[in-house]
Amino acid sequence: MQAVIFKYMQIKKLVFLILFLLTPGAYLAAQQACPVVPLPVQAVKGKGAFRFGEDTRIVCRDGRTMPVAHYLQQELFRRHRLTVAMKPAQAAQSISLVYDGKWKGPVGAYGLEIRADRVTITARDNEGLFNGVVSLVQLVRQEGLSFEAASWSLKDQPLYQWRGLMLDESRHFFGKEKVKQILDWMAFYKLNRFHWHLTDQPGWRLEIKQYPRLAMVGGIGNSSNENAAAAYYTQEDIREIVAYAAERFIVIIPEIDMPGHATAANRAYPEFSGGGSAKFPHFTFNPGKEDTYQYISRILKETDVLFPSQMVHIGGDEVHFGNEQWRSDTGVQRLMKQAGMKDLVAVERYFVERVADSLLRIQNKVLAWDEVADFALKPDSTIVFWWRHNKPEQLQKLIDKSLPVVLCPRLPFYFDYMQDSTQVHGPNWRKFGLNSTAAVYRFTREALPVKFRDAEQVLGIQANVWTEWIASPQRLDYMLFPRLAAVSEAAWTPAAQRNYDGFKTRLAAHFPLYRADGLYYFDLLNPAQTGEPKE
Ligand code: TNX
């Protein structure tokens with residue numbers, strides 16, 4: 001009799017299990033419960049957990065996976081003081097990094113299988129393995145005196161290839177250590193493009209050996225104090241940061257803003273200034289002088305040597321703010337007459353197309369803000385950043401011209417804008433509304449008022465943190481966290497699978513990690529908990 005009951009129970013269990021697995025709700029429940037940010041596309045919970053012990057080894061049968069294994073070693077040590085060595089062959093209690101050609105998904109796709117006796121990460125390439133490692137790192141928890149990762153089986157891939165963050169270090173300079181910390185957190189959230197706004201009105205932040213005054217004189221001042229001591233990155237610093245980013249599969253794209261936003265450069269080399277306007281003096285480079293093009297092309301060639309991304313962002317934004325003096329500049333006037341240019345936009349166009357050409361000649365892609373949508377740029381060597389959320393027609397033009405685009409509309413992706421009604425400091429961006437974590441999280445390109453033709457044309461999304469009103473590292477943290485986590489999930493997880501409440505729960509577990517890393521942040525679950533830093 002007992003045996004019959006036992007058998008009956010077993011069958012009942014099995015039936016329940018099958019029913020559970022079949023219902024979409026259960027499938028979703030398993031997904032929501034996976035505590036990884038950004039939320040993996042497919043996640044199934046297993047039984048038990050993998051425990052890290054003295055014998056745990058990372059197995060790299062293919063030596064090419066070693067850089068990724070090394071990153072995992074570093075993270076386990078940094079976070080938990082775990083020392084996990086590598087081993088060339090399969091061993092008990094191992095974490096294996098394995099290339100698997102079966103992965104047909106996009107670059108960055110991976111599988112992660114955590115079982116009590118072993119962990120296996122599979123991917124087509126190191127970028128995928130790295131993403132698997134990051135998910136594993138997020139799943140490690142302390143249990144009593146030991147560390148473990150709960151059993152999960154993930155099959156994951158990114159929605160977008162471009163998952164970016166832009167940091168403006170012209171308005172305020174934050175320095176190498178802060179940048180590295182941001183790169184660490186970008187990696188933690190699988191963000192993979194760091195757009196570095198290094199030049200603008202208040203300061204030039206990049207050492208250029210052929211024009212040393214750019215950093216030494218142009219580097220003086222910031223948005224809070226025009227006499228602040230020169231602050232800039234030496235070429236040695238740049239190499240160090242580029243290498244640090246590369247270990248985290250983050251590509252760095254430098255921005256040298258032109259022909260506008262060039263005020264700091266013009267302080268250093270006034271002979272190339274194209275003047276400005278009453279409100280923005282010396283705002284532009286001079287497009288009417290031949291020497292300007294040689295100067296800029298030398299700067300770009302040195303920049304190219306420093307950054308292996310083979311991409312330079314040349315800005316191209318807001319030129320009309322300060323190009324009034326082009327009307328009275330003899331060089332510009334001569335150029336206009338010679339080439340039969342009707343207006344200043346034609347001059348701007350000539351400048352941008354000519355600089356774009358010189359970048360193409362050194363095999364660099366040309367990246368620029370959406371003002372360049374009307375110019376003649378080539379789809380295979382250009383990426384345009386759509387930022388003016390109130391000008392969808394600019395985006396439509398880019399789509400119609402088949403130019404690859406990165407979406408970074410001011411709403412919701414400008415992280416200098418306030419995130420919550422409790423916030424009072426900073427510019428009066430309120431007229432645009434708030435960029436709440438929820439708004440960032442819910443972003444989807446399908447909601448934009450344009451017609452996309454080819455999904456591939458949208459490379460991805462990016463958050464931009466402009467720093468006119470962000471002077472301290474605390475305020476920078478406050479503006480970045482936790483919105484950085486939200487943009488990461490919007491860039492990785494398809495909208496249909498996102499769930500803001502679930503996200504908040506997973507996010508709350510990261511707040512202690514922020515604190516442990518000395519980060520300040522906006523506590524959206526309890527805004528009064530962490531007040532707004534004034535500057
Ligand atoms: C517009 S976005 C700018 C920046 C400012 C930012 C402030 C863009 C291409 N230009 O120069 O810092 O607004 O939100």
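**Exercise 1. Decide whether H80 counts as buried or exposed in this predicted model.**

Solution. Start with the relative accessibility of H80, which is 18%. The cut-off for buried is under 20%, so H80 counts as buried. Finally, look at its surroundings. Leaving aside residues up to four places away in sequence, H80 touches E75, V140 and F147.

**Exercise 2. Work out which strands pair with β15, and in which sense.**

Solution. Let's begin with β15 itself, which covers residues 365-369. Four of its five residues are buried, so the strand is mostly covered. Now take one partner at a time. Strand β14 (residues 311-315) pairs with β15 in the parallel sense over three bridges, and here M311 stands opposite K365. Strand β16 (residues 382-386) also pairs with β15 in the parallel sense, over four bridges. In that pairing, A368 stands opposite V384.

**Exercise 3. Find where F249 and Q363 lie, and state how exposed each one is.**

Solution. F249 is not a glycine, yet its phi is positive, about 55°. Its place is the loop between α7 (235-247) and β11 (251-258). With 23% relative accessibility, F249 counts as partly exposed.

Now turn to Q363. This residue is not a glycine either, and it has a positive phi of about 55°. Q363 sits in the loop between α11 (344-361) and β15. Its relative accessible area is 67%; exposed means over 50%, so Q363 is exposed.

**Exercise 4. Locate the prolines at the cis peptide bonds L411 to P412 and F481 to P482.**

Solution. Keep in mind that most peptide bonds are trans. The bond from L411 to P412 is cis, with omega near 10°, and P412 is part of helix α13 (residues 410-413). The bond joining F481 and P482 is cis too, with omega about 10°. P482 is found in the loop between α15 (473-480) and α16 (483-492).

**Exercise 5. Check the radius of gyration of the protein chain against the value for a compact globule.**

Solution. For 535 residues, a compact globule would have a radius of gyration near 24 Å. The protein chain has 26 Å, so the two agree. Buried residues make up 56% of the chain. Among contacts with a separation of 6 or more, 71% come from residues 24 or more positions apart.

Note on methods: Residues numbered from 1 in each chain as written. Predicted model: local features only at pLDDT ≥ 70, side-chain atom pairs only at ≥ 80, totals over all residues. Heavy atoms only, no water. Rg over C-alpha atoms; globule rule 2.2 N^0.38 Å. Buried < 20%, exposed > 50% of the residue type's maximum accessible area, 1.4 Å probe, protein only. Contact = heavy atoms within 4.5 Å. Helix = DSSP H or I, 4+ residues; strand = E, 2+ residues; numbered from the N terminus. Pairing = 2+ DSSP bridges.
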